[in-house]
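Please have the sequence and the structure open while reading.

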Amino acid sequence: MWPLYAAGFTTAFGAHGIAANLGGFSSDAVTSLLVLGGLLALYDGAEVVLKPLFGTLADRVGARPVLLGGLVAFAAASAVYVVADSPGWLWAARLGQGAAASAFSPSASALVARLNPAAKRGRAFGGYGFHKSIGYTLGPLLGGVLVWAGGLRLLFGVLAVLGVGVAVWAALAVPVVPPLPKARQTVLDLARRLTDPSFLAPTAALAAATAALSVGVGFLPVSGRAAGLGTVATGAAVSLLAATAAVVQPWAGRALDEGRVATRTGLTAGLALTAAGLACATLPGLTGILTAAALTGAGTGLITPLGFATLSTHTPPERLGQTMGAAELGRELGDAGGPLLVAGVASAWTLTYGYATLAGLIGLAAVASWATRARPARP
């Protein structure tokens with residue numbers, strides 16, 4: 001399991017280590033909030049297109065080779081910007097990283113599910129989410145130190161080395177998990193499975209959580225600069241978001257396995273906490289930033305292991321890659337759409353209105369989840 005956890009750490013550290021530092025250290029490449037939103041969304045936009053394809057490929061040829069190929073490609077894409085340091089190549093490197101993560105992220109999730117029985121998947125996904133959250137935590141802070149010491153090229157170089165190292169570790173330690181025989185699936189069968197509430201509800205919650213996380217990492221540093229905070233203080237404040245998620249996720253996974261938390265109740269509570277966190281981001285000064293980071297981290301930490309464990313439980317084992325890829329598509333729509341929505345609203349009005357808009361949408365999702373839970377079953 002440890003190489004899979006390391007793969008989760010890699011994609012989180014790479015995505016947010018760069019994202020949290022684009023607005024503060026790349027004035028030549030990031031010339032406006034819209035450009036910042038575009039760069040934040042580029043990584044995830046590639047994943048939106050490619051994750052379902054790589055998830056299906058993992059079911060067909062096995063998740064392990066797709067995992068290894070994605071990690072090697074991530075290292076290669078990171079090396080591109082190390083070799084050619086220019087704004088144009090920054091866009092190309094981020095696109096390549098996103099495409100590579102599209103391969104190894106759903107493959108790692110599918111392997112987590114395949115290598116653990118259903119009764120322990122809450123813990124397994126809690127551990128996987130914990131290590132991703134460590135990547136989210138260290139990304140803004142350690143990424144800021146690396147960029148301060150040697151610019152974005154140093155950060156991309158570290159990511160290239162990390163990708164190669166995890167690929168070698170996974171090749172040596174992850175067992176071969178052969179693809180399972182599958183019954184023929186029609187397009188109608190796939191549509192029915194992906195429109196079932198057991199898929200839609202957790203995927204929508206995961207998308208909302210990821211949108212909030214991406215916005216927090218990308219835009220809370222902008223709020224920090226406006227409040228007069230230094231770069232290290234801003235990175236530490238943003239890291240609080242991921243650190244809180246890291247603490248909450250293993251607890252949430254264990255509580256699910258032990259029956260102390262019901263899936264829908266937990267997802268509803270997570271959405272409410274996330275919306276409250278984004279609402280706090282509208283408050284001025286350090287207090288608003290810290291409260292926003294803590295509440296948003298708690299909400300996303302509650303949603304993530306519950307969502308993935310529920311998806312794996314309701315999916316045939318031979319279709320895990322496809323389901324995880326489709327669920328990751330929903331997450332990446334949130335990851336790309338969240339920054340674009342906030343950036344668009346902020347460009348028309350202010351960043352405060354951007355936070356408030358996303359908070360309102362996620363709050364509505366929490367109300368809808370609660371209403372569905374409260375609705376009596378039909379006889």
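The points below cover the salt bridges, the parts of the chain they join, and the exposure of their residues.

The model is predicted: local features need pLDDT of at least 70, side-chain atom pairs count only at pLDDT 80 or more, and totals for chains, interfaces and linings use all residues. Residues are numbered from 1 along each chain as its sequence is written, and side-chain values use heavy atoms, with hydrogens and water left out.

**Salt bridges**
- A salt bridge is a side-chain nitrogen of Lys or Arg within 4 Å of a carboxyl oxygen of Asp or Glu; by this rule there are three.
- Asp257 pairs with Arg123, with 3.3 Å between the closest N and O atoms.
- Asp257 belongs to helix 8 (residues 231–257) and Arg123 to helix 5 (residues 121–173), so this pair ties together parts 134 residues apart in sequence.
- Arg123 also forms a salt bridge with Glu258, at 3.2 Å from N to O.
- That pair links distant parts of the chain, 135 residues apart: Glu258 is in the loop between helix 8 and helix 9 (263–280), and Arg123 is in helix 5.
- Glu258 forms a salt bridge with Arg260 as well, the closest N and O atoms being 2.8 Å apart.
- Through shared partners, Arg123, Asp257, Glu258 and Arg260 form one network.

**Helix assignment**
- Helices (H or I, at least four residues) are DSSP runs, numbered from the N terminus.

**Exposure**
- Buried means under 20% relative accessible area, exposed over 50%, and partly exposed in between (1.4 Å probe, protein chains only).
- Asp257 is partly exposed at 23%.
- Arg123 is partly exposed at 36%.
- Glu258 is partly exposed at 43%.

Key
Helix = DSSP H or I, 4+ residues; strand = E, 2+ residues; numbered from the N terminus.
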